[in-house]
Amino acid sequence: MPDVTANGIQIEYDTFGDDSSPALLLIIGAGGQMIYWEFEFCESLAKKGLFVIRFDNRDAGLSTKFDEAGIPDMMAAMEGKPVAAVYSLDDMAADAVGLLDALGIQKAHICGASMGGMIAQIISYRYPERVLSLTSIMSSTGNPELPQMKPEVLAAVFKPVPAEREAYIEHNVNLWRMLWSPGFPFDEKRLRRVLAEGYDRSYYPPGMIRQSLAVLKNGYRKSLIASIKAPTLIIHGDEDPLMSVEGGKEISQLIPNAKLLIINGMGHDMPKEAWSQITDAIYDHAVQANV
């Protein structure tokens, strides 16, 4: 896979489809690698007529790591104690725009999941001239009054990650059992394959902690989100235990004329059985935004 220098760092990326088609930039969530936008999912969007770009955020996958920053104390930060973040979600938004610059793409449809949805929001209000449309999947506004993670989910998310391969996979299978869509079959075989590919490609737990701190420090940006003018689609599962569906609903209420698609039974993942519904919604939204 190729890489570019953008915003002062190296960014690993991959593309699908014809580069003369409208561009769709996919932004993954905290600790995720671009391969978590799975090949078949990206191919499906490309076959519909989009030039799909996926990439590793800073501090994940094969993009630049921030080892020198150390590992922040997330629990202290969540208790309101002063913990410095080495970078912000605004920096990560600038990375994504820098990637578009490096690829010679002036405007793109921006789609983010979870933390990636927050980054997509920032791109949409900081760089509106670069955004054809916004799609935010299972993301939120940062509003502290929204339903929060249950203590057992929070503890599982920040539980120390084993270094040994099989233990790492087992650890994450157990975590995803808590986050998975209760309305869909738990696809353990697919999950283990993706986790194994991710481990072999780049085992790097510290990046997830630093990215999570950037999410926490991002705060509640109500007025900025409300300033987004790009055509917006919100996709959220009604059974999301990590980012409540109320977050998706609030985004749709803040952004004028935003569309809201709630998928019944979906948690904090994108079950394969829902892919066609999700990809159709993304593509139809992109087409309507271009009219």
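Predicted model: local features only at pLDDT ≥ 70, side-chain atom pairs only at ≥ 80, totals over all residues.
Author: Local features need pLDDT of at least 70, side-chain atom pairs count only at pLDDT 80 or more, and totals for chains, interfaces and linings use all residues. Residues are numbered from 1 along each chain as its sequence is written, and side-chain values use heavy atoms, without hydrogens and water.

Reader: Why are Arg201 and Asp56 called a salt bridge?

Author: The rule asks for a side-chain nitrogen of Lys or Arg within 4 Å of a carboxyl oxygen of Asp or Glu. Arg201 and Asp56 have N to O at 2.8 Å, so the pair qualifies. Arg201 is in helix α7 (residues 188-201), and Asp56 is in the loop between β4 (51-55) and α2 (74-78), 145 residues apart.

Reader: What makes Asp56 buried?

Author: Buried means under 20% relative accessible area, exposed over 50%, partly exposed in between (1.4 Å probe, protein chains only). Asp56 has 0%, so the residue is buried. Arg201, at 18%, is buried too.

Reader: What makes Arg126 and Asp90 a salt bridge?

Author: Their N to O value is 3.3 Å. The limit is 4 Å, so the pair counts. Arg126 is partly exposed at 39%, while Asp90 is buried at 16%.

Reader: How many salt bridges does the rule give?

Author: The count is 19.

Methods:
Helix = DSSP H or I, 4+ residues; strand = E, 2+ residues; numbered from the N terminus.
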